[in-house]
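Student: I would like to learn how to read a few features of a protein model. Could we take them one at a time?

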Amino acid sequence: MTARWWKLIFAALAVLALVATACGNAGNDDEGGAPAATAAPAPEEAPDDEPAPEPEAEPEPEEPKEPEHRHDFVPISGVPGVNDDEIKVTSIVTISNNTLGTNIAAYNDGIEAYFNFINETGGIYGRELVLANKRDDQLFMNLPESLAMVEEDDSLAAFVATLLFFGADTLNDAGVPTFGWNIHNEFADRRNIFGNIAPSCIGCIHQLFPYIATQVGASKAGIFGYGNSENSKVCAEGTRDSIEHYSAEAGGMTVEFFDTAIEFGLAGGVAPQVSEMKDKGVDIIYTCLDLNGMRTIAQELVKQDYRDQVIMYHPNTYNHEFVAANADLFEGDLVFVQFVPFEAEIDSELQRRFFEYTADLKLEEQTIVGWLNAHLFYEGLLAAGPEFDRASLVDALRGFDDYSHDGLTNPIDFSRQIALPNDNPDADYEYRCINAVEIVDGAFEQWTGEPGKPWMCWEVVREDWHEPEAFSFVN
């Protein structure tokens, strides 16, 4: 590969360090969530000559009602991936040459776990859902693998979890319904591509960064972004601008350190940067970096005997194995999560089924992303009806205007949230939300919200400083 090509590769990889702020439309779901548990009243004592009454049996929970047409079978011909017995799809996943060190292949596990759930409960339209082709784009081969999916695979849809997404236009222009792990700008402005979150405004001013500082008692911020990623720099600039905009309301909070010149991989370390932060009394660090970059900063904080004086806010470190292995480095830090974390139970049938059908798997972030993408695919098929094809599936999905994966994500309006909302407010979420966990003894504990309502949200249309509200998005 040429030097120019390698430069493009590393710049694209650095995009993964974005803070992909999850936002949502609260709708009328604010009354959702699990009801508070109450103790049952003690039974009255029976007289000595009368037997005590038998306690009433707890009612069995109702099974969710199935759509009436779920099992309607209609013969279909000429639709890719569809025969009388199966509905087949293809995945394109970065398995080889994964520079992040995370298990992206777990995305396939999540898809198959959801398909197993649907197939064991009767399938859909008389057919089973099948992940028929698992393509490894090997990091550098996303475009060829996307072309091969279009030209060679007998598949209705594509599922994508990749570090680079050069094949986005290929899949979109071929009319392939595509579901994926949205860490790329390529998910925007393409009608046939659907992410686990909507395209988000990474540089917009909002309250969550200064709010976090007020909650942990911090007042002096340090901010990092990668210099070889324009998106990472925009993300860092948005964090800085948000803190400066709301400085007065956040107790006079200031940005004491700002660096968007470091390179992906941090080969040169960050000793000078940490020394400067230490001299300036920084007590909270925000970054637009990957989990390995966060570890490098934490290690340098330890070397300079400064780790216990600083809270770090992580955009991409919801990785149980990684955090357990680095427990001492990250104690007390906060981690942003784009879905309801595994540690926060809500009154969601989809969450319960996820734990049931992934009981034998090591859970990863990509496991649930695959599960959520598969759920959206299934719901789109239901909405399209038994005589579906690729176009009717996409049309049905673009009709979903309040979609929260049964409360596991902030609701998306797929009818209008297609473009990047940076310069297009009509494409933005109605609410900007945060869901965060705290690292305690190498494990995660829910930090935001309240029992049954893990999301903390601000109205996007309001620019004045206002307190967030706890939400559940379960319908």
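## Reading the core and its rings

Tutor: This is a predicted model. Leaving out residues up to four places away in sequence, Phe377 touches Ile87, Val89, Phe115, Leu129, Leu156, Ala157, Phe159, Phe179 and Leu393.

Student: Which residues touch the most other members of the largest nonpolar core?

Tutor: The general idea comes before the case. In soluble globular proteins, nonpolar side chains tend to be buried together. Here the largest nonpolar core has 97 residues, and Phe115, Phe377 and Leu381 touch the most other members. H12 gives the largest share of this core, ten residues. At least three residues of this core come from each of domain 1 (22-201 + 344-427) and domain 2 (208-342 + 434-471). Another core lies apart from it and has 27 residues, among them Phe209, Tyr211, Tyr313 and Trp458.

Student: How many aromatic pairs are there?

Tutor: A pair of aromatic rings is described by the distance of the centres and the angle of the planes. In this model the count comes to 34 aromatic pairs. One of them joins Phe115 and Phe377, with 6.2 Å centre to centre and 45 degrees between the planes, and this pair is tilted. Phe115 belongs to helix H2 (residues 106-120) and Phe377 to helix H12 (residues 365-384), so the pair ties together parts that are 262 residues apart in sequence.

Student: Are Phe115 and Phe377 buried or exposed?

Tutor: Both Phe115 and Phe377 are buried.

Student: What kind of pair do Tyr286 and Tyr313 form?

Tutor: Look at the angle of the planes. For Tyr286 and Tyr313 the planes are at 65 degrees and the ring centres 6.1 Å apart, so the pair is edge-to-face; the cut-off for that class is over 60 degrees. Tyr286 sits in strand S9 (residues 284-287) and Tyr313 in strand S10 (residues 311-314), so this pair ties together parts that are 27 residues apart in sequence. Tyr286 is buried, at a relative accessible area of 1%. Tyr313, at 2% relative accessibility, also counts as buried.

Student: Which residues do ring pairs link into a cluster?

Tutor: The cluster consists of Tyr114, Phe117, Tyr318, Phe339, Phe342, Phe354, Phe355, Tyr357, Trp371, Tyr378 and Phe444.

Student: What lies over the face of Phe258?

Tutor: Arg240 does, at 4.6 Å from the ring centre.

Student: Now for the loops. Where is Asp428, and is Asp428 buried or exposed?

Tutor: Asp428 is in the loop between helix H13 (390-397) and strand S12 (431-434). With 7% relative accessibility, Asp428 counts as buried, because buried means under 20%. The side chain of Asp428 makes a polar contact, at 3.0 Å, with the side chain of Arg432. Asp428 is also in contact with Arg416, Gln417, Pro421 and Val460, leaving aside its neighbours within four places in sequence.

Student: What is phi of Asp305, and what is phi of Asp406?

Tutor: Take the two in turn. Asp305 has phi near 55 degrees, a positive value in a residue other than glycine. Asp305 is in the loop between helix H8 (291-303) and S10, and is exposed, with a relative accessible area of 61%. For Asp406, phi is near 55 degrees, again a positive value in a residue other than glycine. Asp406 is in the loop between H13 and S12, and is partly exposed, with a relative accessible area of 24%.

Notes. Residues are numbered from 1 along each chain as its sequence is written. This is a predicted model: local features need pLDDT of at least 70, side-chain atom pairs count only at pLDDT 80 or more; totals for chains, interfaces and linings use all residues. Side-chain values use heavy atoms; hydrogens and water are left out. Helices (H or I, at least four residues) and strands (E, at least two) are DSSP runs, numbered from the N terminus. Buried means under 20% relative accessible area, exposed over 50%, partly exposed in between (1.4 Å probe, protein chains only). A polar contact is a pair of N or O atoms within 3.5 Å; within protein, one must be able to donate a hydrogen and the other to accept it, and residues adjacent in sequence count only if both atoms are side-chain atoms. Contact means heavy atoms within 4.5 Å. Rings of Phe, Tyr and Trp (its six-membered ring) pair if their centres lie within 6.5 Å; planes under 30 degrees apart count as stacked, over 60 as edge-to-face and the rest as tilted. A charge sits over a ring if NZ of Lys or CZ of Arg is within 6 Å of the ring centre and within 35 degrees of the ring normal. A nonpolar core is a set of buried Ala, Val, Leu, Ile, Met, Phe, Trp, Tyr and Cys residues joined through side-chain atoms within 4.5 Å. Domain bounds come from an automatic or database domain assignment.
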